[in-house]
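Visitor: I am new to reading protein models. Could you walk me through one, feature by feature?

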Amino acid sequence: MPRFSVIVPAYKVQAYLHECLESVLSQSYTDLELIAVDDSSPDACGEIIDEFAARDTRVRAVHLPENVGLGRARNAGLEQATGDYLLFLDSDDTLTPDALRAIAARLEQTGEPDVLVYDYASTYWTGEAVRNKFAGQLTEDGPAPFRLQDRPGLLRVLMVAWNKAYRREFVQRTGLRFPPGYYEDAPWTYPALMAARTLATLDRVCVHYRQRRRGNILSTTSRGHFDVFEQYDRVFAFIEQRPELACWRPVLFRRMVDHLSTVFTKRDRLPRGSRAEFLRKARAHYRRYRTPGAPVSLRVRLRHTLVHFGVHRTYRALEASMTLRRRTHKAVAKLVRALRAALLQAHYRIQLRLPLRADRAVFAAYWGRGHGCNPGALEAAFRALAPQVRTAWIARPEHQDAVPPGPRRVRPGTAAYWTALARSKYLVNNVNFDRRLVKRPGQVFVQTQHGTPLKHMGLDLQDRPAAARGMDFDELLRGVDKWDYVLSANRHTTLTWERVYPGGYETLEYGYPRNDVFQQATQRDVARLRESLGIPRDAVAVLYAPTHRDYRRTQRCPLDLERVMRRLGPRFVILARAHYWQDPLVDRPAPGIVDVSGHPSVEDLCLASDALVTDYSSLMFDYANLDRPIVVHADDWEAYEAARGTYFDLRSFPPGAVARSEDELVDIFTTGHWRGSRSAQLRAAFRERFCPHDDGRAAERVVRRVVLGEREPLPVTPLAERRPAPSAAAAGAGAAGVVPAPAAGGSPAGPAAGSAAEPQGAQGTPSGRAARAVVPRPAGPRSVADRR
């Protein structure tokens, strides 16, 4: 008997059916049967189902002799089901990867409840995915399982059959079946939730609910929408047969009225000439099932009045007046914004005529995202080495708290902002300021940049439209002409910047100030940061930081972090850091995975970790200064290189082991190759090429040159003499310099970085798969490499 029976009815969905069925059969949890019901579909759905049944014994094909509709097609699947739990999936929707594994784990964790409710995300033809707005109702906090009385908010989640798992014995005992007609989910889901003795929730997106551009049955104009009345008759009949459920009448009454008013107000649902009839029926249902007791808001009360009295003309008039009010408010707000902008620009022009303040400096980073990166390190160095210069930091309102004590806080777009830009002698940013900035004689603009370039940048994007995204190259060069100094960490970066950002600036190849902390931090600092992140003392913390993909419409996590975590074992902790243009990499809490996307300092995350896993992020060039293991996950290198363009083949000159798949990545860690001698050799060559100046004094060099006017930079400490902050693993290794081998079973293994010993497999590398994963030799191109 399988654990899950997944029932998929199909009718006129040949374009989507293959993806739907594949999403079920490709699940990492394989104890399932897939019951695909061909509802006498006139297209190729039946043939597609038969093809899947022929290739996979878990698929059971059911062909109905005539079209019976979605509800009865599901019932036909129910009759064939043998699994412990029943799941329904519409044939144009899909299960997310590892959804069944997560569902199975939650069922076991909560004691086999009658119904498990999980989350979904609406996906659009544009590629956009939007999570259910009532996802907060699915929190896993609190006791579980529970009854509906304990969590009545679950009734606010979309009442559909496909976002729940039902114990088959419970369905049989309750006698649940789907009725014919539209809105067949209501007489199934409401009774299921009310009658369930035990409920549980799973705070994870398990279904992608496709919002088709055309073809959605509920968006078609038809008298079928009148079926909604019979469906609610069935819901209330279910309650009347069970007196113990009478307490739910007020809530169901409100839900019914909300539903009826929604159907009526959607202009594309009811046929012309049938609206008055629909409203009469709605009024009759209102009077028949009216049960006071459920509180409603003013807007909802208005809709209830519409149904109660059938005053659709009055409702339309009120709706039109409210729409007019909103539009008037929007127009007035737009006018106020325009007037404010004009006044601010007038203020800026006046400030430009006032004397420049030689003792003022203004800083910003990442379009006002907060205090950090190279500008953040320089701002601190200004205060330490040039205390006569008063500093100000530009940050958006939501990032003001991230600015430390010291600099004056300035919000973008305010009078203080324009005053600072007009009268400060020093302007420091890792991107450009507002394009309306007028560079005054005597002002000094320090463009710090924010990484070593691996991917194409600047003018090199002219023949990469997917990556350029409509970039105005003339505006780009006008911005470059305002720069006085540009920072660089190495020769490759210097040569790249001067070619892709041609201008009259001076390049300061002094290293990146943001990396100074790697040489200045202590073992105590590392321990404090790990404790603040909740990393266990003996755990191996892996910082996972993938970059943005220009060639993808939607960004998704390249790795299944929960699966990776399960295979690595409990000794590992993954710090998941999303690119600042992307959503977090994890959508729900999971053991061993810490979402650090919102952490204000990536440098602190680097210090807290024992190793870095990335793909093509420039973070690898900075992390190499710590002399800690780096693993590159390059599963889509060809696509990335084709879309964005790169300055060298990272696989041929990497900072450590290279994995071409998720399995290879896991092997690299479980065999210990991630911190073996070969990885250490690759990292040493990488550091020699890209970290020549990052000795902990880059910020001081910049301040001495730009503010104090010293022409000769401070001498650079050689790589061999640097002592970067030790990782927790290295610190625990003692004088021998070897990390103690942990217990078997997916725990860290192998020698510490730089040791001579290493697990050997075929051709002198770790086991077969890891051997294929490691490509590199330290002899790569000599001229160029990259970051960001």
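Visitor: How many salt bridges does the count come to?

Guide: Start with the general idea: side chains of opposite charge can pair when their charged atoms come close. Here a salt bridge is a side-chain nitrogen of Lys or Arg within 4 Å of a carboxyl oxygen of Asp or Glu. By this rule the count comes to 45 salt bridges. Keep in mind that this is a predicted model, where local features need pLDDT of at least 70, side-chain atom pairs count only at pLDDT 80 or more, and totals for chains, interfaces and linings use all residues. Residues are numbered from 1 along each chain as its sequence is written, and side-chain values use heavy atoms, with hydrogens and water left out.

Visitor: Which residue forms a salt bridge with Arg3?

Guide: That is Asp84, with the closest N and O atoms 3.5 Å apart. Arg3 lies in the segment before β1 (4–10) and Asp84 in the loop between α3 (70–80) and β4 (85–88), so the pair ties together parts that are 81 residues apart in sequence. Those element names come from DSSP runs, numbered from the N terminus: helices (H or I, at least four residues) and strands (E, at least two). The protein chain has 27 helices and 22 strands.

Visitor: Is Arg3 buried or exposed?

Guide: Buried means under 20% relative accessible area, exposed over 50%, and partly exposed in between (1.4 Å probe, protein chains only). Arg3 is buried because its relative accessible area is 12%, while Asp84, at 28%, counts as partly exposed. Across the protein chain, buried residues make up 56% of the 788 residues.

Visitor: Which residues are linked with Arg74 in a network of salt bridges?

Guide: Asp90, Glu184 and Asp185 join Arg74 in that network. Asp185 counts as buried at 11% relative accessibility, and Arg74 is buried at 0%.

Visitor: What about Arg58 and Asp56, where the side chains meet in a salt bridge?

Guide: Their N to O distance is 3.0 Å, and both Arg58 and Asp56 are buried.
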